Amino acid sequence: MPLFPSSALRPGVRKREVLAWAMYDFANSGYTTVVITAVYAAYFVGGIAGGAPWATLAWTSALSLSYAVVMLTMPAIGAWADRRAAKKRVLMLSTAACVLSTAALALTPTVHGAAGVAVAMLLVAVSNTFYSYGESLTGAFLPELAMAEGMGKVSGWGWAFGYVGGMLTLGLCLGYVLWAQARGLPAAHFVPVTLLVTAGVYALAASATFAGLPERAQPQSDRGIGAWRQLRHTFAQARQYRDFMWLLACTVCYQGGVAVAIALAAIYAEQVIGFKTQETMALIFVLNIAAAAGAFGLGYLQDRLGHRPTLAITLVAWIAVCVLAALAQGKGLFWVAATIAGLAMGASQSAGRAMTGVLAPQAQLAEFFGLWAFATRLASIVGPLSYGAITWAAGGNQRVAIMATTVLFVGGLVLLLPIDMRRGRAAALGASGRAQ
């Protein structure tokens with residue numbers, strides 16, 4: 001099976017350019033794996049905040065703040081980048097900011113008390129904001145690289161590269177953690193090193209993207225329309241892109257459920273199923289391996305079967321995951337649910353990005369991927385907060401909350417039904433023709 005088959009690429013696009021683009025997924029995945037999921041999140045709650053009852057709320061609040069900032073700013077930033085053909089420039093700036101703020105998190109163990117909590121929350125919010133900008137901007141390059149009928153393959157390769165990068169960064173960090181623990185070193189010593197490793201891998205791998213990925217867009221005529229005014233104009237023209245708007249609504253639903261899995265899988269495994277720390281680490285590796293396989297395999301299936309049916313299959317799989325996790329009394333069934341979740345996670349995220357690329361007008365790629373970022377970040381607020389509220393209302397019963405999460409995936413299936421990919425692609429191509 002060839003890497004990035006030529007038939008999937010747009011005329012004039014070289015495979016090494018696509019590889020350079022995929023390296024950005026490789027670069028930034030370590031940030032979410034180490035900072036958001038596996039290492040720093042737990043250290044913030046148990047170390048920085050001292051295991052206080054409000055610690056988890058403080059962590060989720062910092063993340064929610066960053067998601068709110070991205071929702072309010074990314075579409076306008078994308079519109080600005082489209083008009084000036086500056087996606088690559090803005091991507092470089094956002095990457096530098098994320099790398100520096102991630103490295104700065106290494107200093108937080110030296111700041112104690114309320115000041116330490118505040119500094120950590122601020123740096124988490126800043127780093128996650130710029131990470132999110134980068135994720136949106138790199139997605140906007142996809143339609144410049146791949147044909148509509150090949151976006152599933154190329155997007156799947158990118159996500160698969162991302163999960164490999166996440167596993168590499170996590171593996172390096174955990175290797176050092178185990179070495180440090182064997183020598184009796186405290187978390188305040190080894191956690192900062194993991195953050196520096198994460199920042200270093202991010203910067204090094206992203207440099208391959210900046211060296212090999214060209215900016216193909218051309219500057220557009222600037223009629224003095226501000227970014228926010230242009231964004232309002234896009235929403236005013238929503239009927240022209242009604243399939244894209246249905247996709248945004250679908251994304252808010254199902255990505256809310258995916259956000260629950262990313263933010264709370266380890267917590268559920270330990271508190272409900274009884275996993276130990278080393279078992280949770282193994283769980284994260286299995287999730288990443290399965291997600292890479294799902295993104296790669298279903299990326300090829302997506303271009304054969306169709307974007308909408310493929311996404312529908314992954315949403316059905318997510319529903320099964322929630323039911324199995326809620327019913328699991330032992331570790332065996334939960335491992336089955338986790339493996340399915342990994343496959344569904346990689347496939348659903350790859351499919352959503354590819355569908356956005358198909359339905360976005362060529363002249364407004366960064367802006368429309370900014371709207372996609374708006375939807376995914378709104379989902380990242382709605383999903384975990386709903387899970388937390390249901391858990392609280394159920395007296396701490398997380399099984400009820402994980403079963404209720406099926407509603408988000410069912411809602412995504414329902415909102416997927418009105419989407420007509422051919423009609424949506426025709427609208428996007430028509431808009432691009434008028435822009436030219």
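Residues are numbered from 1 along each chain as its sequence is written. The model is predicted, so local features need pLDDT of at least 70 and side-chain atom pairs count only at pLDDT 80 or more, while totals for chains, interfaces and linings use all residues, and side-chain values use heavy atoms, with hydrogens and water left out.

**Stop 1: the core**

Select W21, Y40, Y202, W318 and F334. Of the 128 residues in the largest nonpolar core, these five touch the most other members. Such a core is a set of buried Ala, Val, Leu, Ile, Met, Phe, Trp, Tyr and Cys residues joined through side-chain atoms within 4.5 Å. Here, buried means under 20% relative accessible area, exposed means over 50%, and partly exposed lies in between (1.4 Å probe, protein chains only).

Now keep W21 and show its neighbours. Leaving aside residues up to four places away in sequence, W21 touches T138, F141, L142, L145, V154, S155, G158, T209, L213 and R353; contact means heavy atoms within 4.5 Å.

**Stop 2: aromatic rings**

The whole structure has 13 aromatic pairs. Rings of Phe, Tyr and Trp (its six-membered ring) pair if their centres lie within 6.5 Å; planes under 30 degrees apart count as stacked, over 60 as edge-to-face and the rest as tilted.

Start with Y24 and F210: the ring centres are 6.3 Å apart and the planes stand at 55 degrees, so this pair is tilted. Y24 sits in helix α1 (residues 15–38) and F210 in helix α8 (residues 187–212), 186 residues apart. Helices are DSSP runs (H or I, at least four residues), as strands are (E, at least two), numbered from the N terminus. Y24 is buried, at 0% relative accessible area, and F210 is buried at 17%.

Next, select W318 and F409. With centres 5.2 Å apart and planes at 0 degrees, these rings are stacked. W318 belongs to helix α12 (residues 307–327) and F409 to helix α16 (residues 406–416), so the pair ties together parts 91 residues apart in sequence. For a group of rings, select Y40, Y43, F44 and W59, which form one aromatic cluster.

**Stop 3: salt bridges**

A salt bridge is a side-chain nitrogen of Lys or Arg within 4 Å of a carboxyl oxygen of Asp or Glu, and the structure holds six. Which residues does K87 bridge to? One partner is E144, with the closest N and O atoms 2.7 Å apart; another is E215, at 2.6 Å. K87 is buried, with a relative accessible area of 2%, whereas E215 is partly exposed at 23%.

Move on to E135 and R377, whose side chains meet in a salt bridge of 2.7 Å, N to O. E135 is in helix α5 (residues 113–139) and R377 in helix α14 (residues 365–393), so the bridge ties together parts 242 residues apart in sequence. Both E135 and R377 are buried.

**Stop 4: M421**

M421 is in helix α17 (residues 421–435) and is buried, at 14% relative accessible area. Beyond residues up to four places away in sequence, M421 touches H307, M355, V358 and L359.
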